[in-house]
Amino acid sequence: MIYSFPSQIMANFDTVLKFWGPVEADYDAYGGLVLSRLFTEHPDTLKLFPKFAGIARSDLAGNTAVSAHGATVLKKLGELLRAKGDHAAILKPMANSHANKHKIPINNFKLIAEVIGKVMGEKAGLDAGGQEALRNVMAVVIADMEANYKELGFTG
């Protein structure tokens with residue numbers, strides 16, 4: 001499905017993509033930063049990642065498995081950004097796995113989106129306008145994810 005977004009929303013995708021280069025150049029480093037920051041700022045989110053349960057909190061930031069999973073998250077976000085709203089084919093399987101297999105409540109996407117904005121602001125030069133653009137893009141993506149969740153009957 002191709003969405004008909006106002007030009008301002010489309011401009012938000014372009015704005016965020018302008019700052020995406022550093023993230024794309026080092027997905028592992030950014031991924032590790034994002035997830036370790038998520039776990040620090042929102043400790044309850046760590047429970048959603050059982051494979052990290054045995055890792056001491058102090059070791060999360062430098063753990064290769066955490067960085068690799070964070071890289072996976074950011075690569076998927078990169079795909080969503082480049083799709084510029086035409087993301088149904090990307091989002092549907094992701095919603096299915098996150099609802100049915102991983103049981104990730106929708107609010108957690110909002111939390112990680114905030115953390116991604118902070119990390120990109122600090123490390124990739126994402127300025128205030130870029131952070132606003134990212135919030136707008138993520139609002140669209142998360143709303144579509146939530147619609148998929150509802151279709152699947154997942155209310156988490």
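Me: Which helix gives the largest share of the lining of the largest pocket?
Reply: In this predicted model, the largest share of that lining comes from α4, which contributes eight residues.

Me: Which other helices take part in the lining of the largest pocket?
Reply: Besides α4 (64-83), at least two lining residues each are supplied by α3 (27-41), α5 (88-101), α6 (107-123) and α7 (128-152).

Me: OK, and how much space lies in there?
Reply: The largest pocket holds about 670 Å³ of space, and among the 29 residues that line the largest pocket, those closest to its centre are H69, V73, M94, H98 and F109.

Me: By class, what is the lining of the largest pocket made of?
Reply: Sorted by class, the lining of the largest pocket has 18 nonpolar residues, together with seven polar and four charged ones.

Me: Let's switch to the second largest pocket, what volume does it have?
Reply: The second largest pocket has a volume of about 180 Å³.

Me: New topic: S67, where does it lie, and is it buried or exposed?
Reply: S67 lies in helix α4, and it counts as buried because its relative accessible area is 13%, which is under the 20% cut-off for that label.

Me: What does S67 touch?
Reply: Leaving aside residues up to four places away in sequence, S67 touches D28, G31, G32 and A61.

Me: Back to α3 then, which of its residues are buried?
Reply: The buried residues of α3 are Y27, Y30, G31, G32, V34, L35, S36, L38 and F39, and G31 and G32 are also among the residues that S67 touches.

Me: What do the buried residues of α3 pack against?
Reply: They pack against α2 (21-25), α4 and α6.

Me: Last one, how many residues does α3 have, and what length does it reach?
Reply: α3 has 15 residues and reaches 21 Å from its first C-alpha to its last, which is close to the 21 Å expected at 1.5 Å a residue.

How values were computed: Residues are numbered from 1 along each chain as its sequence is written. This is a predicted model: local features need pLDDT of at least 70, side-chain atom pairs count only at pLDDT 80 or more; totals for chains, interfaces and linings use all residues. Side-chain values use heavy atoms; hydrogens and water are left out. On a 1 Å grid over the protein atoms alone, a cavity is a set of points where a 1.4 Å probe fits but cannot get out, and a pocket is an open set with protein on both sides within 12 Å along at least five of seven lines; lining residues have an atom within 4 Å of a point. Grid points are joined across faces, edges and corners, and a volume is the space filled by probe spheres set on the points. Helices (H or I, at least four residues) and strands (E, at least two) are DSSP runs, numbered from the N terminus. Ala, Val, Leu, Ile, Met, Phe, Trp, Tyr, Cys and Pro count as nonpolar, Asp, Glu, Lys and Arg as charged, and the others, Gly among them, as polar. Buried means under 20% relative accessible area, exposed over 50%, partly exposed in between (1.4 Å probe, protein chains only). Contact means heavy atoms within 4.5 Å. The expected span of a helix is 1.5 Å times one less than its number of residues.
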